[in-house]
Amino acid sequence: MGYSIEVYLIQAMHGLVYGMLLFLVTSGLTLVFGMMGVLNLAHACFYMLGAYFAYTITLHLGSFWWSLLICPLIVGALGIFIERFLLRKAYKGGHLLQLLLTFGLFFIITELVRLIWGSSPLSVPPPKIFAGDITVAGMTYPTYRLFIFGFSFLVLFAMTLLLMRTRIGIIIRAAVLDADMVEVLGSNVPKVFMSVFGGGAALAGVAGVIAAPFLSIYLGMGNEVLLDCFVVIVVGGFGSLLGAFIASLMIGELQSFGILWIPRLALVFQFLLMAVVFIVRPTGLFGEKE
Amino acid sequence: MSRFWRRQLRWIIAGMVLLLLPHFLPEIRVHLAIEILVFALFAVGFNLVFGYGGQLPFGHAALFGVGGYGTALILNHYPQTPLLLVLLIAALLGFLAAIVIGFFCVRLTGAYFALTSLAFQMFLYAVALKWRTLTNGDDGMGVTRPAVHLPVFGSISLANITNIYYFILILVALGILACYLFLKTPLGNSVITVREKDTRASFLGYNVFLTKLTVFSASGILVGLAGGLFVLYEEFVATTCIDNNMSMTPVLMTVIGGPGHFLGPVLGATFYMILQDWISSVTSYWMVLMGFVFIAIVLYAEGGLINLLKMENIRGWLHRGGK
């Protein structure tokens, strides 16, 4: 384990970057889970679609920035469509119905992606300004990763402002606690559901776009991020955004250092963490309800 | 003809058809029939947990793969082992893996159960992929199909298609029959009691955890055997036996066929394999089509195809099983 301090710092930075990315995906999932009680398996597809759309748009319009602007809109619209015409039927059904339905969606979207983009991995070049490396105090670090960190931080900041300081944010937070009560008090809860779902999908799409130049684009990416998200939700606790944030960073660091120390068993660490949380605190670090 | 025999008539006919199948079907269709049989066993085993236990496992390929890899490794390293013993070990491995996985999963419900079982499967997939010295990674391993030695019939070669068909037919039929009989026991009934309302069942004195674990591990026996038969028939094992697609297959089959009926998964496996065989020769859209069939059935025909065949038997299992 004789690594220099620089290696540790860089690895910690990698973990932070992946953690932020993971949080962008998980935040929508957590909010939807908190509000509607539906664990949307298809959510990871929005992330995957974001990345694939980024590939096509960057290829045709020639600029990464266009895809960062357009993809979230497309993915968000798709999310709204899915909520309105499919998931709404499932709220009254049991957990099994919701799981099966979102599983079916996951399956169809993955297969459609396979048909449209093929099964071989794709890649997107990072935008020119962020293509190089930056050297700080003797350490070189890819600029693009710093961009991911900064950009996710901005999105996170905007989202916190929206949730904490606006009226719609108050309604959303109240609906997480008790959707029926909010509806009785006169808010149009189905509409709030729909917009939160669309917003969550768009956020996952954003994560997909900014992940595209950083990780390669492949069919299994949805599956992989789905499991990571699930671990985040279990560790962070049901419907808790703060929990999801902290858990995302934990998973990011855990993966990053896992790969450094024991590359073969990197996958095991997060499941170990999950198992420990299951045993010690089944509601998750910040969860209150089961 | 007495009433009993008239009732059993359709089973007798079905049995006759299955027995005569290799004599009037071309060889390529017999291959399809063998695959249907293996996946029918897989889906029936899966449905023990899903339809009867009321929980949705997303990682059943773990058990299938354990049986499959176990069979391949024994056949490759100890070729002298009698084939029936090898398959027994495959079933046993499925059983043991199910006890371990079930121990962690069955306390959970809903999405927690589904995704935790998926996590185990992903983990075993990673092991099969990375432990190259044992499993040869994603290149997979070839397996030689040995002859089977029976007490009365002597040694029978399984190299020709008719023999392997009968061999697999008999084992699958025995597996499915054993599953049916298991569900008729008081233990099998308690599985349904626990599914309906586990708190009430525990007040009545049932051990909910143990019942759920039992049904999960019983499922492991069937699925492990199915994995063993699959590898024996394919004469090949690779990570495709234990990957996510393999986990999704029984979910699709069972939901399409109808989880509320004992034979629903068998119908689903038949429909799925025939549709796959038929459409994939025409277009590559077949998985998407299967997905749409799946969603249509989840939304509009809760009991699956078997209920469409038998309209008076709509049981609304989802409303009961889902709660």
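Tutor: Bearing in mind that this is a predicted model, we can begin with the largest nonpolar core, which holds 193 residues, and in which A:Ala51, A:Ala207, B:Val38, B:Leu41, B:Ile168, B:Leu225 and B:Ala226 touch the most other members. The largest share of this core, 15 residues, is supplied by helix α2 of chain B, residues 27-52. On the side of chain A, and leaving aside neighbours within four places in sequence, A:Ala51 is in contact with A:Gly208, A:Val209, A:Ala211, A:Ala212, A:Ile217 and A:Met221.

From here we can turn to helix α1 of chain A, residues 5-36, which packs with helix α8 of chain A, residues 189-211, at an angle of about 165°, the two axes being 8 Å apart. An angle over 145 degrees counts as roughly antiparallel, and α1(A) and α8(A) are therefore roughly antiparallel to each other. In passing α8(A), α1(A) makes a left-handed crossing. The residues that make this contact include A:Leu21, A:Leu24, A:Val25, A:Ser27, A:Gly28 and A:Leu29 from α1(A), and, from α8(A), among others, A:Phe193, A:Val196, A:Phe197, A:Gly199, A:Gly200 and A:Ala207. Sorted by class, the contact of α1(A) with α8(A) has 17 nonpolar and 4 polar residues, and no charged ones.

Helix α1 of chain A also packs with helix α9 of chain A, residues 221-236, here at an angle of about 60° and with the axes 10 Å apart. The crossing in which α1(A) passes α9(A) is right-handed. It is A:Leu22, A:Val25, A:Thr26, A:Leu29, A:Thr30 and A:Phe33 of α1(A) that make the contact, together with A:Val225, A:Asp228, A:Cys229, A:Val232 and A:Ile233 of α9(A). By class, the residues of the contact of α1(A) with α9(A) divide into 8 nonpolar, 2 polar and 1 charged.

Two backbone details in chain B complete the account. Most residues other than glycine have a negative phi. Against that background, B:Asn136, which lies in the loop between α6 (132-135) and β1 (141-142) of chain B, has a positive phi near 65°, and B:Asn136 is partly exposed, with 16 other C-beta atoms within 10 Å. B:Glu235, placed in the loop between α10 (208-234) and β4 (236-237) of chain B, likewise has a positive phi, about 55°, although it is not a glycine, and B:Glu235 is partly exposed, with 14 other C-beta atoms within 10 Å.

Technical notes: Residues numbered from 1 in each chain as written. Chains lettered and ligands numbered in written order. Predicted model: local features only at pLDDT ≥ 70, side-chain atom pairs only at ≥ 80, totals over all residues. Core = buried A, V, L, I, M, F, W, Y, C linked by C-beta atoms within 7 Å. Buried ≥ 20, exposed ≤ 12 C-beta atoms within 10 Å, placed from the backbone. Helix = DSSP H or I, 4+ residues; strand = E, 2+ residues; numbered from the N terminus. Contact = placed C-beta atoms within 7 Å. Axes fitted to C-alpha atoms, helices over the stretch in contact; angles between N-to-C directions. Parallel < 35°, antiparallel > 145°, perpendicular 65-115°, else oblique. Left-handed = near helix turned anticlockwise from the far one by under 90°. Nonpolar A, V, L, I, M, F, W, Y, C, P; charged D, E, K, R; others polar.
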